[in-house]
Amino acid sequence: MLTKLQIDSLKPQSKAVRIFDGRGLYIELQPSGSRYWRFKYRFAGKERRLAFGVYPDVGLKDARDKLDEARQQLKAGIDPGEQRKIAKLLQVSNTETGFEAIAREWFAMHSPKWAPGHGSKIIRRLECDIFPWIGGRAMESITPMEVLACLRRIEARGANETAHRAYQNCGRVFRYAVATGRLSRDPSRDLADALAPVI
């Protein structure tokens, strides 16, 4: 088992060197001095490797935690390398079908016919009050309560009119997603009566 002191004192060689920690976990020391965590394992009779990050950004405990997680996946009959690829694909998919991506697509389509000031207010409203909370979420996974929570945050600072405008903007984005086949139903459509009135 490696210690932090041992890792810190490793000296680069003329070629890459592997220093094993145990259970398939090792550090690959490059001639440049860079230290990469790797996990060597077998799945379906084939030897495979999985990268866990660069030391010291990923510390010894972090690397061992990642190892435990990967070994649990192996125990369950899952290839951790393939699992990571699937997770990355899902992340890309969510980015492309997420609220922010579709809202920006909707904005790009409609903003040319708006007055510049009007367009800038809409995109700023979305960027400040909506994207930080649900921007990265896949459209189908957003619930009415999550949309309402965004609007409540706006109301909490006394900006009821802004909350109503944000509600309208969100509704248009959701309906655009429905119209383009990326959403089955607008989750905001039943929230109008839940908003505080504009005085």
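How are α4 and α5 oriented to each other: roughly parallel or roughly antiparallel? The axes of these two helices cross at roughly 180°, and angles over 145 degrees count as roughly antiparallel, so α4 and α5 are roughly antiparallel to each other. The model is a predicted one.

**Helix α4**
- Helix α4 runs over residues 99–110, and its 12 residues should span 16 Å at 1.5 Å a residue.
- Buried residues in α4 are Phe 99, Ile 102, Ala 103, Trp 106, Phe 107 and His 110.
- An α-helix has 3.6 residues a turn, so residues three or four places apart point the same way.
- Ala 108 and Met 109 are exposed, on the face of α4 turned away from its buried side.

**α4 with α5**
- Helix α5 comprises residues 116–129, and its axis comes within 11 Å of that of α4.
- From α4, the contact involves Phe 99, Ala 103, Arg 104, Trp 106 and Phe 107; from α5, it involves Gly 119, Ile 122, Ile 123, Leu 126 and Glu 127.
- By class, the residues of this contact are 7 nonpolar, 1 polar and 2 charged.

**α4 with α8**
- Helix α8 covers residues 160–179; its axis is 9 Å from that of α4, and the two pack at an angle of about 95°.
- That angle makes α4 roughly perpendicular to α8.
- On the α4 side, the contact residues are Phe 99, Ile 102, Ala 103, Glu 105, Trp 106, Met 109 and His 110.
- On the α8 side, they are Cys 170, Arg 172, Val 173, Phe 174, Tyr 176 and Ala 177.
- The contact of α4 with α8 holds 10 nonpolar, 1 polar and 2 charged residues.

**α5 with α8**
- The axes of α5 and α8 are 10 Å apart, with a packing angle of about 95°.
- α5 is therefore roughly perpendicular to α8.
- Ile 122, Arg 125, Leu 126 and Asp 129 of α5 meet Thr 162, Arg 165, Ala 166 and Asn 169 of α8.
- This contact divides into 3 nonpolar, 2 polar and 3 charged residues.

Conventions
Residues numbered from 1 in each chain as written. Predicted model: local features only at pLDDT ≥ 70, side-chain atom pairs only at ≥ 80, totals over all residues. Heavy atoms only, no water. Helix = DSSP H or I, 4+ residues; strand = E, 2+ residues; numbered from the N terminus. Expected span 1.5 Å × (residues − 1). Buried < 20%, exposed > 50% of the residue type's maximum accessible area, 1.4 Å probe, protein only. Axes fitted to C-alpha atoms, helices over the stretch in contact; angles between N-to-C directions. Parallel < 35°, antiparallel > 145°, perpendicular 65-115°, else oblique. Contact = heavy atoms within 4.5 Å. Nonpolar A, V, L, I, M, F, W, Y, C, P; charged D, E, K, R; others polar.
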